[in-house]
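Please keep the sequence and the model open while going through them.

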Amino acid sequence: MIGFRKTLCAFLLIMITGGMAVAQNNTNSPYTRYGLGDLADQSFGNARAMGGIAIGLRDNAQINPVNPASYTAIDSLTFLFEGGVSLQNMNVNGGGVKVNAKNSSFDYLAMQFRLRPWMAMSIGLLPYSNVGYSVSDVQTTDDGLQYSRTFSGDGGLHQLYAGLGVKLMKNLSIGANVSYFWGDITRSRTQIFPSMSSSSYYSYAQETMLSVSDYKVDLGLQYTQELNKKTQLTVGAVYSPKCSLNNDYSVSTQVSSITSQDLKANLETPNSFGVGISANYDKRLTVGVDYSLQKWSKVSSSLVTDDADILSNFNETYAYSDRSKVSVGAEFIPNLMGRSYFSYIKYRLGGYYSTPYYKINGKDAASEYGLSVGLGLPMLRSRSILSVTGQFVHVKGKAAGMIDENIFRISIGITFCERWFEKLKVQ
């Protein structure tokens with residue numbers, strides 16, 4: 001009966017979040033006009049509340065796809081099923097743009113279980129990037145004629161992964177995720193002149209459509225060392241090799257008539273590296289720090305882009321810079337043996353600082369930092385956990401006229417953690 005109830009919950013969660021994955025977009029940022037859009041946070045509920053630390057994080061009750069070596073932490077009787085969604089409020093200001101937007105989004109959906117005493121598996125669905133913006137302005141020509149411009153975009157990339165973690169020895173595990181990578185990104189721009197304007201000026205509309213489908217691989221390693229009876233230290237590392245993305249790309253332009261071109265864009269994801277370390281004391285206190293680097297500056301990309309940008313003059317085609325991120329976080333459980341419900345709650349907090357991977361006018365566009373707090377709420381008469389996280393994110397434009405963004409986000413995740421594989425004894 002327990003297995004039936006959990007299976008029913010799993011299917012309901014799949015239907016709800018799967019529908020949201022297709023229908024919702026969680027951003028209204030003009031910065032998503034560049035590259036593949038805003039790169040999604042790959043961490044799940046517990047890690048997200050801890051500033052995004054995940055590379056050295058090892059938890060037998062929650063899924064961590066950032067480092068597939070962590071899958072071996074699960075015990076032989078446990079089946080994990082986890083899903084999450086977010087609600088956010090975004091304020092955009094600067095460069096002649098002022099926007100307030102509210103969004104909901106699918107975050108992740110995954111399951112994990114052990115195959116052998118030394119091997120575990122995870123399967124999941126999560127976003128890779130998000131594109132969503134709509135901005136407009138009014139410009140004036142040299143001879144005083146005013147005209148309007150509008151820029152909009154929608155879509156994103158997603159990944160469906162299957163991963164294995166293997167324990168090579170007592171303290172050392174390795175893992176790999178193989179992901180099917182797909183998605184569609186549509187961008188459009190229009191330029192409208194008054195109907196009685198000079199023949200030297202013309203109105204036009206252009207739409208670009210990008211469709212991606214390919215595979216990629218992510219690798220991970222974790223080593224755990226007991227420092228004493230109560231303290232464990234885990235060191236982790238992850239690596240994702242550079243990957244060329246198979247795609248279809250079309251450009252449609254309308255002036256006096258419509259012209260359309262089917263092209264092949266040159267798109268790649270970068271070599272990515274990451275290291276992390278976490279320490280656990282008495283199974284109640286966990287602290288950790290992560291550092292990651294994505295070598296976007298070595299990625300080649302050719303897409304048609306605007307020769308004039310509402311944020312800044314933009315004369316380079318998708319110039320990239322390396323993206324780095326530093327995260328710190330902690331989790332505390334007051335008393336594992338306490339009788340009060342509040343003694344079992346997991347209290348989490350963290351923060352991060354990162355730099356973007358896109359450039360505007362040949363210069364780094366912005367910097368970003370985030371602060372988060374959260375709770376891991378045990379579900380009564382169950383090993384399952386409800387994770388609630390509040391996060392504040394600030395994106396700061398680095399040059400005059402660049403856009404600033406303030407984002408407040410609430411993330412909710414549910415982890416079903418049950419002993420599905422326990423053999424029942426009949427007396």
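The numbered points below cover the basis of the model, its cores, surface patch, salt bridges, cysteines and selected loop residues.

1. Basis of the model. This is a predicted model, in which local features need pLDDT of at least 70 and side-chain atom pairs count only at pLDDT 80 or more, while totals for chains, interfaces and linings use all residues. Residues are numbered from 1 along each chain as its sequence is written, and side-chain values use heavy atoms, with hydrogens and water left out.

2. The largest nonpolar core. A nonpolar core is taken as a set of buried Ala, Val, Leu, Ile, Met, Phe, Trp, Tyr and Cys residues joined through side-chain atoms within 4.5 Å. Buried means under 20% relative accessible area, exposed over 50%, and partly exposed in between (1.4 Å probe, protein chains only). The largest such core holds 37 residues, of which Tyr31 and Trp296 touch the most other members. At least two residues each come from strands S2 (79-94), S4 (119-140), S5 (146-169), S6, S7, S10 (247-254) and S20 (385-397). The largest share, four residues, is that of S4. Helices (H or I, at least four residues) and strands (E, at least two) are DSSP runs, numbered from the N terminus.

3. Surroundings of Trp296. Contact here means heavy atoms within 4.5 Å. Leaving aside residues up to four places away in sequence, Trp296 touches Leu36, Leu39, Tyr128, Glu268, Pro270, Tyr320, Ser321, Asp322, Arg323 and Tyr357. Besides the core that contains Trp296, a second, separate core of twelve residues includes Ala61, Ala110, Leu126 and Cys417.

4. Cysteines. How many disulfides does a search of the whole structure find? The search returns zero, a disulfide being a pair of cysteine sulfur atoms within 2.5 Å. Cys417 counts as buried because its relative accessibility is 1%. Cys243 also falls in the buried class, at 11% relative accessibility.

5. Nonpolar surface patch. Ile123, Leu160, Val178, Tyr180, Tyr215, Val217, Leu219, Tyr239 and Phe273 make a nonpolar surface patch of about 760 Å². Strands S6 (172-192) and S7 (204-226) are the elements that give two or more residues to this patch, and S7 gives the most, with three. Patches are made of residues with over 30% relative accessible area and no salt bridge; like charges are joined within 9 Å, and nonpolar side chains (Val, Leu, Ile, Met, Phe, Trp, Tyr) within 5 Å. Areas come from the Shrake-Rupley method with a 1.4 Å probe, and for residues only the protein chains shown count as cover. Tyr239 belongs to strand S8 (residues 231-240) and is partly exposed, at 32% relative accessibility.

6. Salt bridges. With a salt bridge defined as a side-chain nitrogen of Lys or Arg within 4 Å of a carboxyl oxygen of Asp or Glu, the count comes to ten. Among them is the pair Lys242 and Glu268 (3.5 Å, N to O). Lys242 lies in the loop between S8 and strand S9 (243-244) and Glu268 in strand S12 (residues 268-269), so this pair ties together parts that are 26 residues apart in sequence. Lys242 is partly exposed at 37% relative accessibility, whereas Glu268 is buried at 13%. Asp322 and Lys295 form another salt bridge (3.1 Å, N to O). Both residues lie in the loop between strands S14 (285-294) and S15 (323-332), so the pair ties together parts that are 27 residues apart in sequence. Asp41, Arg48 and Asp107 are linked in a network of salt bridges.

7. The loop between S13 and S14. Asp282 is found in the loop between strand S13 (272-281) and S14, and Lys283 lies in that loop as well. Asp282 has a positive phi near 60° although it is a residue other than glycine; Lys283, also not a glycine, has a positive phi of about 60°. Asp282 is partly exposed at 26%, while Lys283 is exposed at 66% relative accessibility. The side chain of Asp282 meets that of Arg284 in a salt bridge (3.2 Å, N to O), and Arg284 is partly exposed at 23%.

8. Gly338. Is Gly338 buried or exposed? At 11% relative accessibility, Gly338 counts as buried. Gly338 is placed in the loop between S15 and strand S16 (346-354), where, leaving aside residues up to four places away in sequence, Gly338 touches Ser343 and Tyr344.
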